[in-house]
Amino acid sequence: MNATVRRMVTTGLAVAALVATTAGCVESGRGDTGVDGAQAGCPFAVDADVTTQARIGFQAIPNADLLVKDRGLLAACLPNAKVTWSQFSSGADVVQAFGAGSLDIGTMGSSPATKALSAPLRLPVRVLWIHDVIGKSESLVAKDKSISTLAGLRGKRIATPFGSTAHYSLLAALGKAGLAADVQVINMAPDAIPGAWNGDQIDAAWVWDPTLSKLIEAGGHLVTSSADTAAAGAPTFDLAVASTKFLDENARFAVVWAKLQDYAVTQLRSKPEDAAVSIGAQLGIAPTLVGPQLAGYTYLGAAEQADGKYLGGGFAADLRKTAEFLLSQGGIDSVGDETAYRTGIYADAAKGASS
């Protein structure tokens, strides 16, 4: 990566907002569609003894978390807990919220999570759930239809949200193709990308839905995807991260939370059309548009997550590998040993949900 692009990465991270602007904050049990948690029904035994207050940050990513939110399941299963939901536009903003002490559980990609666990931040947070394994849902889209490979983007301007999994995948792809010094990588929030695209300020973008679909509708076409970079050895994930203090004090809440995520994953797999109604409501799109988005991710149940390949052991190596890459790009100060990333994983909730 050349010095100019590296400075852009560093500057983009430095100027991130300390706390994300929320798109709305709703009490536990009331999703954006007005679903009342008291009427939603808990899929297992209700725990009325948990009185936890939890601040949860979510993103507009089609996963089980949105189904849990929309159907008010936390309120149904934990009627005496108080949960507030806040929407964030990027993982970098979620990291900043944890740094400010204003969040208990939040969604972020594996790249921002690795930054949070690495120097200089070393935030007291732990990964407690893998929302999804990212595939074609994050892709590189080009305006010029004659561009069919990364090589065709030499000298072009590519937008992506800095610090995101899309950014990580883009840099990995450019590095593998030997193009890191030959393109201009621009830090841009997802909702700002369509305007820059229509104004001919950028030539391509690596991003996720709903922005991805908007660019394709505007005439863009896919060049490569995060599924390709994963196959090349650079997988990315969307994760749920929680503060260590919150987990230490609220292990019972965390297990119920994970049980609901596991239940919602089952719904995504077995009843995708029903799940699409809730997810579409949270994303503000028609349920028929949700299906293609779901196909771009792999969703893991609690038993799979508790397995040795993921939270039960092997995921620490994935985080460390991400850290090594981020260090090479100037995104972090140093890489900890694998033990440091292993202590940044909290498998108890997934294990409790799978038992």
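So, the side chain of Asp 203 reaches the backbone nitrogen of Arg 157, at 2.8 Å. Keep in mind that what you're looking at is a predicted model. Where does Asp 203 sit? Asp 203 is in the loop between α8, residues 193–198, and β9. And is Asp 203 buried or exposed? Its relative accessibility is 19%, and the cut-off for buried is under 20%, so Asp 203 counts as buried.

If you skip the neighbours within four places in sequence, Asp 203 is in contact with Val 141, Ala 142, Lys 143, Lys 156, Arg 157 and Trp 197.

We have an open sheet of five strands, and the order is β8-β7-β9-β6-β10, with mixed pairing. Which strands stand at the edges? Those are β8, 184–187, and β10, 221–225; each has a single partner strand, so one side of each is left without a neighbour in the sheet. From one strand to the next, the twist averages 30 degrees.

Let's walk through some of the pairings. Strand β7, residues 157–160, and strand β9, residues 204–208, run parallel, and two bridges join them. In that part of the sheet, Ala 159 stands opposite Ala 205 in β9.

Then there's β6. β6 and β9 pair in the antiparallel sense, over five bridges, and Glu 138 stands opposite Trp 208 in β9.

How many residues of β6 are buried? Five of the five, so β6 is largely enclosed by the rest of the structure. In β6 both faces are covered. Glu 138, Leu 140 and Ala 142 are on one side, Ser 139 and Val 141 are on the other, and all of them are buried.

What lies across this sheet? Helix α7, residues 165–177, lies across β6, β7, β8 and β9, and runs at about 135 degrees to β9.

Next, Ala 234. You'll find Ala 234 in the loop between α10, 226–231, and β11, 237–243. Its relative accessibility is 10%, so Ala 234 counts as buried. Ala 234 and Ser 169 are 65 residues apart in sequence, yet C-alpha to C-alpha they're 7.2 Å apart in space. Again leaving out neighbours within four places in sequence, the residues in contact with Ala 234 are Tyr 168, Ala 172 and Thr 229.

Now for some helix packing. Two packed helices are described by the angle between their axes and the distance between the axes. Take helix α6, residues 110–117, and helix α16, residues 315–328. They pack at an angle of about 85 degrees, with the axes 9 Å apart. That makes α6 roughly perpendicular to α16. On the α6 side we have Ser 110, Ser 111, Thr 114, Lys 115 and Leu 117, and they meet Leu 319, Thr 322, Ala 323 and Leu 326 in α16. Split by class, this contact has four nonpolar, four polar and one charged residues.

And α6 is mostly covered, with eight of its eight residues buried. Lys 115 is on that buried list, and so are Ser 110, Ser 111 and Thr 114.

Compare the pair α12, residues 251–270, and α13, residues 272–283. Their angle is about 120 degrees, and their axes are 6 Å apart. That makes α12 oblique to α13. Gln 267, Leu 268, Arg 269 and Ser 270 of α12 make the contact with Pro 272, Ala 275 and Ile 279 of α13. By class, those are four nonpolar, two polar and one charged.

Last bit, zooming out to the whole chain. The protein chain has 18 helices and twelve strands. Of its 355 residues, buried ones make up 54%. And among contacts between residues at least 6 apart in sequence, 80% join residues at least 24 apart.

Methods:
Residues are numbered from 1 along each chain as its sequence is written. This is a predicted model: local features need pLDDT of at least 70, side-chain atom pairs count only at pLDDT 80 or more; totals for chains, interfaces and linings use all residues. Side-chain values use heavy atoms; hydrogens and water are left out. Buried means under 20% relative accessible area, exposed over 50%, partly exposed in between (1.4 Å probe, protein chains only). Helices (H or I, at least four residues) and strands (E, at least two) are DSSP runs, numbered from the N terminus. Axes are lines fitted to C-alpha atoms, for helices over the stretch in contact, and angles run from 0 to 180 degrees between N-to-C directions. Angles under 35 degrees count as roughly parallel, over 145 as roughly antiparallel, 65 to 115 as roughly perpendicular and the rest as oblique. Contact means heavy atoms within 4.5 Å. Ala, Val, Leu, Ile, Met, Phe, Trp, Tyr, Cys and Pro count as nonpolar, Asp, Glu, Lys and Arg as charged, and the others, Gly among them, as polar. Two strands pair if DSSP finds at least two bridges between them. A polar contact is a pair of N or O atoms within 3.5 Å; within protein, one must be able to donate a hydrogen and the other to accept it, and residues adjacent in sequence count only if both atoms are side-chain atoms.
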